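This report goes through a protein model part by part. Please keep the sequence and the structure in view while reading.

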Amino acid sequence: MEALRFGVVGCGGRGAGVAHLMTQTPGVRLVAVCDVDETKAKQVGEQLQVPFFRNFEEMLTQVEMDAVYIATSVEHHFSVARRAILEGKHVLLEKMMTTSASEAWELVRLAEVRGVCGAISYQLRFYPVFQKWREIGQDMQPLLIISSRNPGIMPAPYLRPEPWAGITDFLTHDLDLVLWVAGKEPESVFATATRNAITSTNALDTLCVTLNFGDVTGLVYGSMGGWGIPSVHAIIGRKGNARIVSNGVEVNRWSLSPSGIYERVNDLVSTEIVRADTTDRLLQHFSAWVQGEREAPPIATFEDGFEVMLVHEAIWESWQSGQTVSLETVKRKLSAANT
Ligand SMILES: NC(=O)c1ccc[n+]([C@@H]2O[C@H](COP(=O)([O-])OP(=O)(O)OC[C@H]3O[C@@H](n4cnc5c(N)ncnc54)[C@H](O)[C@@H]3O)[C@@H](O)[C@H]2O)c1
């Protein structure tokens with residue numbers, strides 16, 4: 001397999017980190033970096049010894065590359081990804097995919113037309129413990145899928161009032177996880193949220209989302225006030241439950257004893273512990289996927305990113321209206337806007 005040649009757009013905290021990772025990860029090669037802030041582009045380019053640019057167009061025309069990794073702030077994801085796809089480049093896009101489902105859909109369609117691969121950096125999917133949790137949980141015939149994380153007060157760039165900022169930006173990973181476990185689109189979404197309860201920045205600071213999949217319910221919640229509160233990743237099913245613990249997945253089943261009493265059978269399935277981020281695995285996987293292993297799980301494709309964006313729109317609408325919002329309604333509005 002050839003090393004996939006990447007240009008990086010956005011040399012802030014995340015982009016610089018992933019650019020650095022690309023120089024150490026087999027299967028990928030960093031060939032150029034770009035940032036509208038030339039100081040940042042220069043710093044990363046010089047450190048990693050690749051050409052650097054202030055202008056994305058210049059990077060595209062002057063350096064040969066197979067793929068573009070985009071880590072700009074979210075409102076620039078769409079325009080940069082669109083341009084890269086039109087140039088025939090594969091795209092690895094940071095979360096959340098775009099600022100709207102409509103933009104996300106346009107990227108899905110464009111990537112298909114141009115025959116390029118598009119994926120979202122939902123790297124939680126690449127932790128062995130999440131993969132094992134999903135596998136065991138699916139065997140349990142899920143009834144309830146819970147994903148909750150609490151970041152504490154988020155860094156300044158996220159403390160903004162837009163629907164895609166604040167705690168929503170953080171919990172987009174959890175929404176993707178629940179959709180990934182459920183393996184289908186929710187029928188409807190109900191969301192409650194607060195703003196200005198924890199910070200006075202107008203950012204959404206707590207969020208609780210119920211996803212109705214028909215026979216399964218998803219629950220995603222978190223808060224900037226949740227410092228110290230442990231994450232919860234649990235699947236409760238007809239045949240038992242599975243939850244992530246520090247060194248693997250705790251599994252509880254129950255069996256009916258001959259005396260007619262339900263007994264709990266408890267087990268721990270240990271998994272490889274990954275202390276670092278799993279973005280290196282995601283990069284390697286993306287490279288393999290682009291080069292022919294198209295079906296290889298667990299990457300989050302543009303289609304998966306679009307599904308999450310539909311849910312994000314439903315969350316916003318539900319919180320504003322106080323009503324449950326059906327995904328069909330969101331999709332109908334989307335197709336009406338696109339015709
Ligand atoms: N997957 C993860 O776990 C994870 C973690 C952190 C951040 N992120 C995502 O990564 C992205 C960047 O986050 P960050 O914390 O590095 O933000 P940041 O603000 O530190 O960096 C963004 C950079 O993009 C540059 N930029 C903006 N528009 C541009 C354009 N059109 N062309 C070139 N450069 C442009 C800015 O100058 C800035 O340097 C966001 O989408 C964020 O949600 C993902």
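## Terms and model

Two residues are in contact if their C-beta atoms, placed from the backbone, lie within 7 Å. The model described here is predicted.

## Two packed helices

By that definition, Ala101, Ala104, Trp105, Leu107, Val108 and Ala111 of helix 5 meet Phe302, Glu303, Gly305, Phe306, Met309, Leu310 and Glu313 of helix 9. The residues of this contact are ten nonpolar, one polar and two charged.

Two packed helices are described by the angle between their axes and by the distance between the axes. For helix 5 (residues 101-114) and helix 9 (residues 302-321), the angle is about 165° and the axes are 8 Å apart. Angles over 145 degrees count as roughly antiparallel, and helix 5 and helix 9 are therefore roughly antiparallel to each other. The crossing of helix 5 and helix 9 is left-handed.

Nine strands form an open sheet with mixed pairing, in the order 14-13-12-11-7-10-9-8-16. Strand 14 (262-270) and strand 16 (325-326) are the edge strands, each pairing on one side only.

Strand 9 (residues 204-212) and strand 10 (residues 217-223) run antiparallel and are joined by seven bridges. Leu211 has Gly218 in strand 10 as its bridge partner. Helix 7 (residues 166-182) packs on the sheet, where it touches strand 7 (142-148), strand 9, strand 10 and strand 11 (232-237). The direction of helix 7 makes about 160° with that of strand 10.

## Around the ligand

There are 25 residues around the ligand, and Gly10, Gly12, Arg14, Thr72 and Glu94 come nearest. Helix 1 (residues 13-22) supplies the largest share of this shell, three residues. By type, the shell has nine nonpolar, nine polar and seven charged residues.

Methods:
Residues are numbered from 1 along each chain as its sequence is written. This is a predicted model: local features need pLDDT of at least 70, side-chain atom pairs count only at pLDDT 80 or more; totals for chains, interfaces and linings use all residues. A residue is near a molecule or strand if its C-beta atom, placed from the backbone, lies within 6 Å of it. Helices (H or I, at least four residues) and strands (E, at least two) are DSSP runs, numbered from the N terminus. Ala, Val, Leu, Ile, Met, Phe, Trp, Tyr, Cys and Pro count as nonpolar, Asp, Glu, Lys and Arg as charged, and the others, Gly among them, as polar. Axes are lines fitted to C-alpha atoms, for helices over the stretch in contact, and angles run from 0 to 180 degrees between N-to-C directions. Angles under 35 degrees count as roughly parallel, over 145 as roughly antiparallel, 65 to 115 as roughly perpendicular and the rest as oblique. A crossing is left-handed if the near helix is turned anticlockwise from the far one by less than a right angle, and right-handed if clockwise. Two strands pair if DSSP finds at least two bridges between them.
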